[in-house]
Amino acid sequence: MKKILLLGLMCLFALPIFAQQRFAVFRFKAASGITQEQVDSISANFRAHFHPSGYTFVNPIVVDQTLSDQGYSMSRITMGQKIRVGQLLDATKIAHGVVDVVAGKCTVEGTIVDVARGTILVLESVSFPYGASSLTPMKRLASKMTVALDSLMRSQAEEHYVDLGLPSGTLWKDKNEVGFYDYDAAVKAFGCCIPTKDQLNELRTKCRWVWNGTGYRVIGPNGESIVMPAAGYRSCGGSLYDIGASGLYWSSDPNGSDIAWCLHFLSSFVHMNYDSSCGGVSVRLVLDR
């Protein structure tokens, strides 16, 4: 099996993965007890200190103009609308925040979102007395979010992924994450690296699946392969079932309020299915080239 250490990938595919990533930073949104004008000052202090390396930043004027062109208001903007603006700006990540005032304190919550998947990568917050300068707190928030993002990127860079020669170019990690995860826990822990329903279906239909007695060897179009263990699953009640006989793997796509799509296999079939989000199943991560 040809395993690709992503540190090597950083050299082979540096431009697609890092250098060409664009960041759009939105003006923060005012919650209770504070005006948008006051929040704009806080946003400006955040922008002045938020500079994670390896990204090209979209001009804030262009971000605001795109919001205006779409008819979106900062006071009522939704996450979906922000992601839409990110797509229009060809941004790979967006940063935004909400400022709230409770009991004489400002709390600023900052979020970094992966635009392609709509998943939260980083969520950090700071608090400071209302009326005090936001310069130092925003510098601290910018630092916390940068460190968290850099840590996430480094952890991805240290993992082993395999190029199976799939049409999408998706790289698949060579092993499962340890243990079982319910859907919400999986999304919170791994966010943008969980395969989509389409990526799992591509793995199912474009590869050759060979049962090895305790799972499948999945052989890609280029002859490289990964092993998908039949790890079983954990019921919503906490009981373990079908270890060595069945495999279930979350996708990032929900299928309703308490159901999500997953890949499901036994020795006799491999298909797309869905399961209760409270159940614990396996997670196998991917990297988009």
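Predicted model: local features only at pLDDT ≥ 70, side-chain atom pairs only at ≥ 80, totals over all residues.
Met79, Ile120 and Leu123 together form a nonpolar patch on the surface, with about 250 Å² of accessible area.

**The chain as a whole**

- Along its principal axes, the C-alpha trace of the protein chain spans about 65 × 45 × 35 Å.
- The protein chain exposes about 13,400 Å², and carbon and sulfur atoms supply 52% of that area.
- Of the contacts in the protein chain between residues at least 6 apart in sequence, 60% join residues at least 24 apart.

- Ile120, one of the residues of the nonpolar patch, is placed in strand 7, which covers residues 119-129.
- With a relative accessibility of 43%, Ile120 counts as partly exposed.

**Helix 5 and its surroundings**

- Helix 5 comprises residues 79-88, and within it Lys82, Ile83, Val85 and Gly86 are buried.
- Viewed down the axis of helix 5, its buried residues fall within an arc of 155 degrees, so they line one face of the helix.
- The buried residues of helix 5 pack against helix 4 (60-69), strand 5 (93-102) and strand 6 (105-114).
- Just after helix 5, Asp90 adopts a positive phi of about 60 degrees.

**Salt bridges**

- Side chains of opposite charge can pair when their charged atoms come close.
- The count of salt bridges comes to four.
- Asp40 forms a salt bridge with Arg27, in which the closest N and O atoms are 3.1 Å apart. Asp40 belongs to helix 3 (residues 36-49), whereas Arg27 lies in the loop between strand 2 (22-25) and strand 3 (29-30), so the pair ties together parts that are 13 residues apart in sequence.
- Asp64 also forms a salt bridge with Arg27, the closest N and O atoms being 3.4 Å apart. Because Asp64 lies in helix 4 and Arg27 in the loop between strand 2 and strand 3, this pair ties together parts that are 37 residues apart in sequence.
- Asp40 is partly exposed, with a relative accessible area of 27%, and Asp64 counts as partly exposed at 27% relative accessibility.
- Lys144 forms a salt bridge with Glu124, the closest N and O atoms being 3.9 Å apart. Lys144 is in helix 6 (residues 135-157) and Glu124 in strand 7, so the pair ties together parts that are 20 residues apart in sequence.
- Lys144 is partly exposed, with a relative accessible area of 33%, and Glu124 counts as partly exposed at 22% relative accessibility.

**Lys105 in strand 6**

- Lys105 is found in strand 6 and is partly exposed, with a relative accessible area of 47%.
- Lys105 and Phe128 are 23 residues apart in sequence, while their C-alpha atoms are 5.7 Å apart in space.
- Leaving aside residues up to four places away in sequence, Lys105 touches Asp100, Phe128, Pro129 and Tyr130.

**Ser225 in strand 12**

- Ser225 lies in strand 12, which covers residues 225-229.
- At 8% relative accessibility, Ser225 counts as buried.
- The side chain of Ser225 makes a polar contact with the side chain of Arg217, at 2.8 Å.

Key: Residues numbered from 1 in each chain as written. Heavy atoms only, no water. Helix = DSSP H or I, 4+ residues; strand = E, 2+ residues; numbered from the N terminus. Buried < 20%, exposed > 50% of the residue type's maximum accessible area, 1.4 Å probe, protein only. Polar contact = N/O pair within 3.5 Å; in protein donor to acceptor, adjacent residues only side chain to side chain. Patch = residues over 30% accessible without salt bridge, like charges linked within 9 Å, V, L, I, M, F, W, Y side chains within 5 Å. Areas by Shrake-Rupley, 256 points an atom, 1.4 Å probe, with all protein chains shown as cover. Salt bridge = Lys/Arg side-chain N within 4 Å of Asp/Glu carboxyl O. Arc of directions from axis to C-beta. Contact = heavy atoms within 4.5 Å.
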